[in-house]
Amino acid sequence: MEEGSRSALEQAIRRMWDQFLPELKERVALIERAARALGAGNCTPETLKDAYLAAHKLAGVLGTFGLMEGTELAREAENLYEAGVERAAAASARLLAIAARLRQMIDEQR
Amino acid sequence: MPHRILIIDDEDDIREIAAMSLETVAGWEVMVANSGAQGLTRASTYKPDAILLDVMMPGMDGPTTFRELRKNPATEKIPVLLLTAKVQASDQRRFADLDVAAVLVKPFDPLTLSRQIAEILGWD
């Protein structure tokens, strides 16, 4: 790839990071919200589904912004939420830790 | 003539990054659709050289959209590359019976996405 194209692409990716940052943070918040509800024993199916979809979307996009660790963590959360309420509830502490790490990673990327 | 590609994905960030990547790096013409239904319409009128199709979408998902594309004479021969964030073998097996050109795994690298597609489709 020509240097000019690479530079233009990298600049565009940075602009898109800023553009989609609120959405990325909201997805992390959904993962955290469900993890807290699971820990408290009051997670609804809708909350669980929202968290699953949020984790799925983060898994698909964070690596595109260079955050491969974020993709791996989000994928782990996606699998836990997909496994159903009981398994996810048993892993609520892990899900909270994943949400915290994702938030930190996203904040540091800015 | 640059290659023409249609991206069908409900996620704004993925759709925009992929479009920008293919336009900037490869100079291809890109059209986007944010749902399977919109993708069917755009594929039929735009007649792209290839379609990048997300698997997990609300409403009409990727495999259903793919089958609809194959039913339409205007779109039946367009190569389709599935795009999915699912990496487990059981997920991948679900796509085995679909006659797609390839299954690309998210996240993709915006710097190399066009090269990956070009190699799969045999584009120079």
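Predicted model: local features only at pLDDT ≥ 70, side-chain atom pairs only at ≥ 80, totals over all residues.
Within chain A, helix 2 and helix 3 meet through L48(A), A51(A), Y52(A), A55(A), H56(A), L58(A) and A59(A) on the helix 2 side and through G70(A), T71(A), A74(A), R75(A), A77(A), E78(A), Y81(A) and E82(A) on the helix 3 side. The residues of this contact divide into nine nonpolar, three polar and three charged.

**Chain A as a whole**

- Chain A is built with five helices and zero strands, so that its pattern, read along the sequence, is α-α-α-α-α.
- Taken along the principal axes, the box filled by the C-alpha atoms of chain A is roughly 55 × 20 × 20 Å.
- Chain A has 110 residues, of which 37% count as buried.
- When the contacts in chain A between residues at least 6 apart in sequence are considered, 58% of them join residues that are at least 24 apart.

**Helix 2 against helix 3 in chain A**

- Helix 3 of chain A covers residues 68-82, and its axis comes within 8 Å of the axis of helix 2 of chain A, the two crossing at roughly 150 degrees.
- Since angles over 145 degrees count as roughly antiparallel, helix 2 of chain A is roughly antiparallel to helix 3 of chain A.
- The crossing of helix 2 of chain A with helix 3 of chain A is left-handed.

**Helix 1 against helix 2 in chain A**

- The axes of helix 1 and helix 2 of chain A come within 8 Å of each other, and they cross at roughly 140 degrees.
- At that angle, helix 1 of chain A and helix 2 of chain A are oblique to each other, and their crossing is left-handed.
- On the side of helix 1 of chain A, the contact is made by L24(A), R27(A), L30(A), I31(A), R33(A), A34(A) and A37(A), while helix 2 of chain A brings T47(A), L48(A), D50(A), A51(A), A54(A), A55(A), K57(A) and L58(A).
- Sorted by class, the contact of helix 1 of chain A with helix 2 of chain A has 10 nonpolar residues, one polar residue and four charged residues.

**The largest nonpolar core**

- The largest nonpolar core holds 62 residues, and the members that touch the most other members are I31(A), A55(A), L58(A), A77(A), L95(A) and I51(B).
- Residues up to four places away in sequence left aside, I31(A) touches A51(A), A54(A), A55(A), A77(A), L95(A), I98(A) and A99(A).

**Where chain A meets chain B**

- In the meeting of the two chains, 19 residues of chain A are in contact with 16 residues of chain B.
- Helix 1 (3-40) and helix 2 (45-61) of chain A each supply at least two residues of the side of chain A that touches chain B, and the largest share of that side, nine residues, comes from helix 1 of chain A.
- By class, the side of chain A that touches chain B has 10 nonpolar, six polar and three charged residues.
- The axis of helix 1 of chain A comes within 10 Å of the axis of helix 1 (residues 12-26) of chain B, and the two axes cross at roughly 170 degrees.
- Helix 1 of chain A and helix 1 of chain B are therefore roughly antiparallel to each other.
- S5(A), A8(A), L9(A), A12(A), I13(A), M16(A), F20(A) and E23(A) of helix 1 of chain A meet D13(B), E16(B), I17(B), M20(B), S21(B), T24(B) and V25(B) of helix 1 of chain B, and the residues of this contact divide into nine nonpolar, three polar and three charged.

**Two single residues**

- E46(A), a residue of helix 2 of chain A, counts as exposed because 9 C-beta neighbours lie inside 10 Å, and exposed applies to 12 or fewer.
- E46(A) and A34(A) are 12 residues apart along the chain, and their C-alpha atoms are separated by 9.4 Å.
- D49(B) lies in the loop of chain B between helix 2 (36-46) and strand 3 (50-54), and with 16 other C-beta atoms within 10 Å it is partly exposed.
- Although D49(B) and I78(B) are 29 residues apart in sequence, they are 6.2 Å apart in space, C-alpha to C-alpha.
- Apart from its neighbours within four places in sequence, D49(B) is in contact with H3(B), R4(B) and I5(B).

Conventions
Residues numbered from 1 in each chain as written. Chains lettered and ligands numbered in written order. Contact = placed C-beta atoms within 7 Å. Helix = DSSP H or I, 4+ residues; strand = E, 2+ residues; numbered from the N terminus. Nonpolar A, V, L, I, M, F, W, Y, C, P; charged D, E, K, R; others polar. Core = buried A, V, L, I, M, F, W, Y, C linked by C-beta atoms within 7 Å. Buried ≥ 20, exposed ≤ 12 C-beta atoms within 10 Å, placed from the backbone. Axes fitted to C-alpha atoms, helices over the stretch in contact; angles between N-to-C directions. Parallel < 35°, antiparallel > 145°, perpendicular 65-115°, else oblique. Left-handed = near helix turned anticlockwise from the far one by under 90°.
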